[in-house]
Amino acid sequence: MAAKAHDIRRYPAFLWITLLCLFVLYGPLIIVMIYSFNDSVSITRWGGFSLRWYEDVFFGPEAAKFKAAAWNSLSIAVMAATSATMIATCAAIAMIRGGSFRGKSMTFALISLPLMVPEIVTAVATLIFFSAISFTRGYFSIVMAHIVFCIPFAYLPISARLQGIEATYEQAAQDLYASRSQAFWQVLMPLMMPGIISGFLLAFIISLDDFIITNFVKGAGIETLPTAIFGSVKQGIKPNIMALSTLMLMVSIFFVTVSYFAGKSGAKTER
Amino acid sequence: MPETDVNVSAARSDSPDAAPQSRAAVAIKAVRKVFGLPPAQVTALSSVSFDIADNEFFTLLGPSGCGKTTLLRLIAGFEQPTDGEILLFGEHLEGLPPNKRPVNTVFQQYALFPHMSIRDNIGFGLKMLGVDKSEIAQRTKRMLELIQMESFGDRRPSQLSGGQQQRVALARALAPSPKVLLLDEPLSALDLKLRQAMRVELKQLQQETGITFVFVTHDQEEALTMSDRIAVMSAGELQQVGSAKDIYEAPRNRFVADFIGETNFLDVTVEEVSGSQALCRFGPARLTCSTAGPTTAGSAGHVSIRPERLSLTRPSNDDDLVGTLERLIYLGTDTQHLVRLDDGTEITVRAQNAHDSSLDIAVGEKAALKIDTGAARLLVD
């Protein structure tokens with residue numbers, strides 16, 4: 001294909017601006033990843049390749065703390081993502097298949113608003129709310145808060161997927177003697193699955209990575225990975241934090257990739 | 001006589017002693033459908049009544065927005081009528097959801113389930129009915145044979161061509177042996193060649209299975225070639241029900257005459273009425289017309305004459321229909337003559353290019369229009 005007049009590659013500084021942006025965005029991450037394999041105690045001087053900080057994460061003095069935090073993060077993320085996905089699926093069906101009802105656009109705004117509200121505001125509000133109803137702060141207050149802020153993240157891919165599924169599929173199922181619930185479970189649900197998986201994984205990652213809200217609503221004595229890392233860093237950055245951060249980054253990249261391909265494979269079976 | 005068909009079924013549904021109606025596969029009785037809420041209401045159907053006989057290939061024909069698809073969706077159960085009722089072999093359908101109605105639909109875009117194999121698609125209806133597995137396997141196999149796609153059972157819908165998907169959609173809808181098969185413009189997504197082949201196949205399938213087909217289309221050619229009877233609809237109203245021949249040769253009103261095939265309209269004054277014949281005056285000319293409905297002497301009306309039932313001669317009598325030959329258009333099998341009448345009306349005459357059809361009238365000369373006996377039809381308006 002011949003390059004068109006407006007081909008982006010023909011803009012003079014395109015390459016340099018792109019490289020600059022990529023460097024600013026990913027430079028720090030790459031440095032953290034490289035230095036996680038540093039054999040030295042210093043976080044700035046290279047002392048040769050080693051896996052000692054990874055070993056330190058799993059078996060070092062802070063290992064027990066990280067393990068408990070990781071376990072909390074993981075179990076909270078699974079519960080929050082599962083609940084948020086179920087709620088988001090129901091919301092998407094109501095919004096897209098429910099016909100037009102009063103306050104539909106208002107509802108949509110309410111569902112997506114949490115994406116735009118500054119997280120610190122949500123965090124403070126959630127904290128005040130929990131105090132007001134005297135909800136004991138701890139593991140379950142984190143789960144609750146995570147479910148709530150994960151809903152819009154799960155909602156977006158699910159509703160996008162549902163929007164692409166024509167209503168005639170369910171009508172065809174009902175026409176072929178399927179009850180409403182059979183039509184839902186045997187036709188609509190499998191067709192929505194890529195969106196649901198995508199939404200679940202996105203919610204899972206958002207929950208796993210959350211710091212601000214978690215830090216506000218968690219009680220004393222309970223940590224998730226991000227709050228545990230923050231706690232460690234406050235006493236000075238040790239290279240083991242770099243190793244832990246790299247591990248978390250890998251987990252995130254893995255889930256985001258799976259989520260992307262789930263959405264993509266769904267798009268392929270559609271047509 | 002086709003024009004009475006509408007009246008007969010309407011009268012039947014109105015009379016209280018219309019007991020034995022189980023004959024009709026589908027009876028549509030004064031069905032009205034209004035969409036939306038009071039300020040922004042749209043009437044999709046305004047009191048439509050007719051019967052569809054058992055084992056009939058029945059077509060609902062009309063331009064888009066005429067209410068034909070709404071009617072189909074009412075029979076399928078996707079919509080509920082605002083007024084009136086629909087009977088299936090004498091049984092009331094009111095309140096029954098689509099899955100409780102023994103009718104199946106072939107959708108316009110097929111709506112094959114993309115996540116299931118062809119075999120599972122075809123077997124879906126039977127599975128939902130609770131038919132046991134070996135029976136489903138057998139019937140599915142038979143359906144695949146019927147549509148000549150035995151080797152495609154394990155494929156996914158996305159791996160099939162448009163024509164194959166169409167056949168699978170048909171098989172899927174026929175597999176549960178519905179009492180009535182509804183087809184919503186199923187051929188519109190296919191290219192011309194395939195569409196023509198499918199017309200023949202569909203008609204054959206209907207005759208083989210003996211199932212009543214209700215076919216929705218906006219394509220008059222499709223309707224004429226396949227249907228036992230056609231209901232022409234426009235603007236939510238039934239215009240005429242009858243065989244292809246009835247509808248083409250004896251249209252009831254201006255809409256039907258204009259929508260089906262080509263025609264010429266003349267604005268005439270009725271002079272005399274006797275039975276189903278009327279003598280009409282157009283300028284100095286007089287035409288004998290068959291009437292499509294009650295009319296009175298002295299009233300104004302429209303006459304429809306098909307172009308192929310007109311021929312040109314040299315003017316001889318004073319009461320001939322005379323005009324100027326303006327143009328000849330050669331179309332291969334026939335030639336189109338455009339004649340401008342003295343009052344400005346343009347008339348199309350179609351003559352077959354058979355052996356000695358050479359016309360001795362040149363462009364610009366006067367010509368008289370000769371109308372075949374029974375070809376002029378006075379329409380109801």
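The legends below describe close-up views of cysteines and salt bridges in a predicted model. Local features need pLDDT of at least 70 and side-chain atom pairs count only at pLDDT 80 or more, while totals for chains, interfaces and linings use all residues. Residues are numbered from 1 along each chain as its sequence is written, chains are lettered from A in the order in which they are written, and side-chain values use heavy atoms, with hydrogens and water left out.

View 1. The whole structure has 0 disulfides over all chains (a disulfide is a pair of cysteine sulfur atoms within 2.5 Å). The sulfur of Cys289(B) lies 3.7 Å from the closest cysteine sulfur, that of Cys280(B), too far for a bond. Cys289(B) is buried at 0% relative accessibility (buried is under 20% relative accessible area, exposed over 50%, partly exposed in between; 1.4 Å probe, protein chains only). For Cys90(A), the closest cysteine sulfur is in Cys150(A), 16 Å away; Cys90(A) is exposed, at 54%.

**View 2. Salt bridge Asp228(B)–Lys203(B).** The closest N and O atoms are 3.1 Å apart (a salt bridge is a side-chain nitrogen of Lys or Arg within 4 Å of a carboxyl oxygen of Asp or Glu). Asp228(B) is partly exposed at 33%, whereas Lys203(B) is buried at 16%.

**View 3. Salt bridge Glu271(B)–Arg286(B).** Here the closest N and O atoms are 2.8 Å apart. Glu271(B) is partly exposed at 29%, as is Arg286(B) at 38%.

**View 4. A network of salt bridges.** Arg199(B), Asp219(B) and Glu221(B) are linked in this network. The count over all chains is 22 salt bridges.
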